[in-house]
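Here are my notes on the model you asked me to look over. Please read them with the coordinates open.

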Amino acid sequence: MLADGHIPEGELRRSRTDADVGATLADVLDRELTGYVVFEPQGSILFGDGERAVLTFESGVPVLAYHPASDAGGPDALAALTGDLFHAELYELPAESLSAAHRVEELRVPPAAPARELAGDDALAERTRAAAPDDRLDAERGSAVEAFLADADRIEAIREEARAEARSRADEWGLADQLDDEPSRD
């Protein structure tokens, strides 16, 4: 999958074996790094199983994620990365070196997703969201709306709540006889 958006080797800026994901993501944001980070769980280093993920950044904001072992991209790459302690390598690249990779939609992640999914840090997720360009936030909002619309159970629960509220108001106003007992299905 990444072959469509090749990432050239960058200039190593930092390498830590005892890296904390949240601290690493905060450092990338603070540095306004344009480049990428390679994360490896501690077990991957010990067992040499290739369990790692690559996250790219533009001005410190995550753009894409790729997990080579599963060939997963985007949010699936974040979900595929396992382990507690990470080795992290930060590489810097000019933005134009990442432009082809950043156009591969299947690899893109919402700006706050790595902070939320990998670090479980809501404050960092909000800081990242605040630093993200508006067009990236529009895409994130669009993804949230799509996810909501795909959740049929949640939509049905909202409908039931609205029906109950309508019945309650109708009773209160003396209009209960005006309501259909069977709601129509579209």
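The points below go from ground rules to sheet, helix, cores and single residues.

1. Ground rules. This is a predicted model: local features need pLDDT of at least 70, side-chain atom pairs count only at pLDDT 80 or more, and totals for chains, interfaces and linings use all residues. Residues are numbered from 1 along each chain as its sequence is written, and side-chain values use heavy atoms, with hydrogens and water left out.

2. The sheet. Six strands form an open sheet in the order β1-β6-β2-β3-β4-β5, with antiparallel pairing. Strands are DSSP E runs of at least two residues; helices are H or I runs of at least four; both are numbered from the N terminus. Two strands pair if DSSP finds at least two bridges between them. The edges are β1 and β5 (72-73), each pairing on one side only.

3. β2 with β6. Seven bridges link these strands in the antiparallel sense. F39 has A88 of β6 as its bridge partner.

4. Strand β4. Which strand has seven of its seven residues buried? That is β4 (residues 61-67), so it is largely enclosed by the rest of the structure. Buried means under 20% relative accessible area, exposed over 50%, partly exposed in between (1.4 Å probe, protein chains only). Five bridges join β4 to β3, antiparallel; F57 is partnered by P62 in β4. β4 and β5 are also antiparallel, joined by two bridges, and Y66 is partnered by G73 in β5.

5. Hairpin turns. The β3/β4 hairpin has two residues between its strands, and S59 takes a positive phi near 55 degrees. The β4/β5 hairpin has four residues between its strands; there D71 takes a positive phi near 60 degrees.

6. Helix α1. Eight of its 11 residues are buried, so α1 is largely enclosed by the rest of the structure. Among the buried ones are V21, L25 and L29. Their cover includes β1 (11-19), β2, β3, β6, α5 and α6. D20 caps the N-terminal end, with a side-chain oxygen 3.1 Å from the backbone nitrogen of G22. Just after the helix, E32 takes a positive phi of about 55 degrees.

7. Main core. The largest nonpolar core has 26 residues; L25, V37, F39, L55 and L78 have the most contacts inside it. Such a core is a set of buried Ala, Val, Leu, Ile, Met, Phe, Trp, Tyr and Cys residues joined through side-chain atoms within 4.5 Å. The largest share, five residues, comes from α1. L78 touches L55, A65, V109, A113, P114, E117 and L118, not counting residues up to four places away in sequence. Contact here means heavy atoms within 4.5 Å.

8. Aromatics. How many aromatic pairs does the structure hold? One. Y36 and Y91 are stacked, 4.7 Å centre to centre and 15 degrees between the planes. Y36 lies in β2 and Y91 in β6, so the pair ties together parts 55 residues apart in sequence. Rings of Phe, Tyr and Trp (its six-membered ring) pair if their centres lie within 6.5 Å; planes under 30 degrees apart count as stacked, over 60 as edge-to-face and the rest as tilted. Y36 and Y91 are both buried.

9. E96. This residue lies in helix α4 (residues 95-102). E96 is exposed, at 61% relative accessible area. Its C-alpha is 9.9 Å from that of T34, 62 residues apart along the chain.

How values were computed. A polar contact is a pair of N or O atoms within 3.5 Å; within protein, one must be able to donate a hydrogen and the other to accept it, and residues adjacent in sequence count only if both atoms are side-chain atoms.
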